[in-house]
Structure formats: C-alpha cells, structure tokens
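Let's take a walk through a protein model together, looking at a few charged side chains and a couple of loops. Keep the picture open beside you as you read.

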Amino acid sequence: MLSMRKYLFSAGFALLVAATSASITMMTPPAFASQIKYVVNNVPITTGDIQHRAAFLRLQRKKGNAAEEMIEQTLRVAEAKRLGIRITDAQVEAAYQRFATTNKMQLKQLDGVMAQSGVGKEHFKEFIRSQMAWNQALTARHRSESGGSVSEQDAVRRMLDKGGNKPTAMEYMLQQVIFVVPAAERSATLSKRKREADAMRARFNGCNTSREFAKGLIDVTVRDLGRILAPQLPPDWADQIKATKVGGATPTRETDRGVEFIGICSSREVSDDKAAQMVFQSEGSSGKDADALSTKYVEELRKKARIVER
C-alpha cells in the first residue's frame, strides 16, 4: 500500500494548536464575507472559503496560496466522489474527536481554537473529510498504475536480494459486531444503539461467546473477518486493533452502517511469503512517491476541469 500523508497533522502543528488554545481567549473571531470567487466544474468556491483556508495556513505557519488550495481540494473531492468514495459524517467526527483527545484538549477547546483563529471547525472538518477521501483515491490510483499486487514470491525475492531477512507481521483473527441503524432511523435511534453496543462491548470476553450475546438483540450482525495481517488492517481501525488485547474489543464507533466494534479473537507473529508481500507493499513506497503521485493526479484533474473566476 502506498504510504499516504496523514490528514491529522504533525506533532509541531499539534503543539501549535495547543499553544494557540491558551492564548486566544480574548480574541474576537474574524468575520468573513462570502461571495462566489471561483466555480470549479459547477462547484462554487467563496471568498469566505478562501479566507478560512488562509487562516488555516496561518495556524499551521505554512506558506501557500489559499485560493489554489481550495481549487485543488474541490477537484480532489469531486474525483473521490466519482470513484464512489464516501467519507461519512461519523468518520469525520471521530477523526476530529481523536485529534482533540490526542492533543489533550476538550472538544470545546478545539472548537474555540478553530473559531478564534478564523479557521472554523466546519472548515477543518471538511479538510479532514477531503484528505481521508483523497488518500483512498491515491491508493486506488497506485494499485491501478502498479498493475495490482506484487506477488508473494517476488516480494520475498526483492527483500532477500537486498540482504534482508524475510520480514514478520502480526496476524489477527478478528470479529466485527455491527448494531445496524437504517439511514431513515439514524437520528431517532443512533444514541440508543450506541448505548446497546457499548454494553455488549463491555461484556465481550472473546469471539466464542459474542453470538450468544447477540441472540437476544435486534438487528445485530456478527461477522468473522478471517486472517488479516497488520498491513491489511483498515486505516480507520488499525490503531485501535493494535492497542486491544486478545479477547478484548475496540471502542465502539459510529459508521454509515450503524455502531460497530471489532473483537480480537487471536493474534500471532508470522513470517511467511504472504507476510513478506504485505510488508513489502506497505513499506515499498515512500512519502515522496505519494506526494509525486498526488501532484501528477491533481495536474491531470486540472487539465480536464472547467475553472471560472468571477
């Protein structure tokens, strides 16, 4: 898998946000005008959008052209949508919460930083959404250009040719538990389902008993996910799975299907051709490769786009 730039930022940016949190209490949030400045393939970009992005660049102490960044973000979001990539509100909210938690901030503190700096929490959340979607689009593009997966034998040969030993990887047996929430009932029942999922997760003591627990519950699906190596773990779940002991379960999360958690049935370290293949593919491409691919991809999108300045 191509190594993608994380949408949640560097430690330096995190410290800057924390420092800003302590120093903005007396500031008045800037008021931005909002007139259409650009239309990108029929999607408007307002002067307000650009001013929020300029504030975001200042918060990160980054140089950049706010208008160009908003044009590129619009192109990326449209391309991800064309590919069928959908990042749910629940995923974005979870990422926003994780950012606050990681930086030892309450959500209200983070909201305050974003408001007082002129970024705005909604602008930040849409940036998170766009980065998550773009990472998936880049991964799909990389796989397409590389002609699919490297064979297990070829991966092992390449590593051994470089003088390395055959790599190891953690292998997990996982179980997915979904408390289904139909879209039409989401606003009315999501909170209740979250409480039910949390209660089951608290009683979870291994994959052998989860189906018994689920029998008395309505619209609960239990799926055995089979053998999954660490490099194959879904990015949204990987950190939580790795931090959970065997026989335990990850914290519950709201998804587009409802409320879910992952049970860790077993784990072990393996060293075989499949592990070598996964490790090679996950480590074989650098961040520079990802940046180059992203730049090339966006340039192609710009050439085909209709961008009108008002």
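A salt bridge here is a side-chain nitrogen of Lys or Arg within 4 Å of a carboxyl oxygen of Asp or Glu. The model you are looking at is predicted, so local features need pLDDT of at least 70 and side-chain atom pairs count only at pLDDT 80 or more, while totals for chains, interfaces and linings use all residues. Residues are numbered from 1 along each chain as its sequence is written, and side-chain values use heavy atoms, with hydrogens and water left out.

The structure holds 18 salt bridges. Let's begin with Glu-79, which pairs with Arg-82, their closest N and O atoms being 2.8 Å apart. These two residues are three apart in helix 3, so about one helical turn separates them. (Helices are DSSP runs of H or I with at least four residues, strands are runs of E with at least two, and both are numbered from the N terminus.) Are the two partners buried or exposed? Buried means under 20% relative accessible area, exposed means over 50%, and partly exposed lies in between, using a 1.4 Å probe and protein chains only. Glu-79 is buried at 8%, whereas Arg-82 is exposed at 59%.

Now move to helix 8, where Asp-198 and Lys-194 lie four residues apart, about one turn of the helix. Their side chains meet in a salt bridge of 3.2 Å, N to O. Asp-198 is partly exposed, with 32% relative accessibility, and Lys-194 is partly exposed too, with 24%.

Helix 8 (residues 186-203) also holds Arg-193. Arg-193 is buried, with a relative accessible area of 9%. Which residues does Arg-193 touch, leaving aside neighbours within four places in sequence? Counting heavy atoms within 4.5 Å as a contact, its partners include Phe-179, Ile-218, Asp-219 and Val-259.

Glu-72 pairs with Arg-302, with 4.0 Å between the closest N and O atoms. This pair links distant parts of the chain, as Glu-72 sits in helix 3 and Arg-302 in helix 12 (residues 287-304), 230 residues apart. Together with Glu-68, they are linked in a network of salt bridges.

Finally, look at two loops. Asn-42, between strand 1 (36-40) and strand 2 (43-46), has a positive phi of about 75 degrees although it is not a glycine. Arg-61, between helix 2 (47-60) and helix 3 (66-82), is not a glycine either, yet has a positive phi of about 55 degrees.
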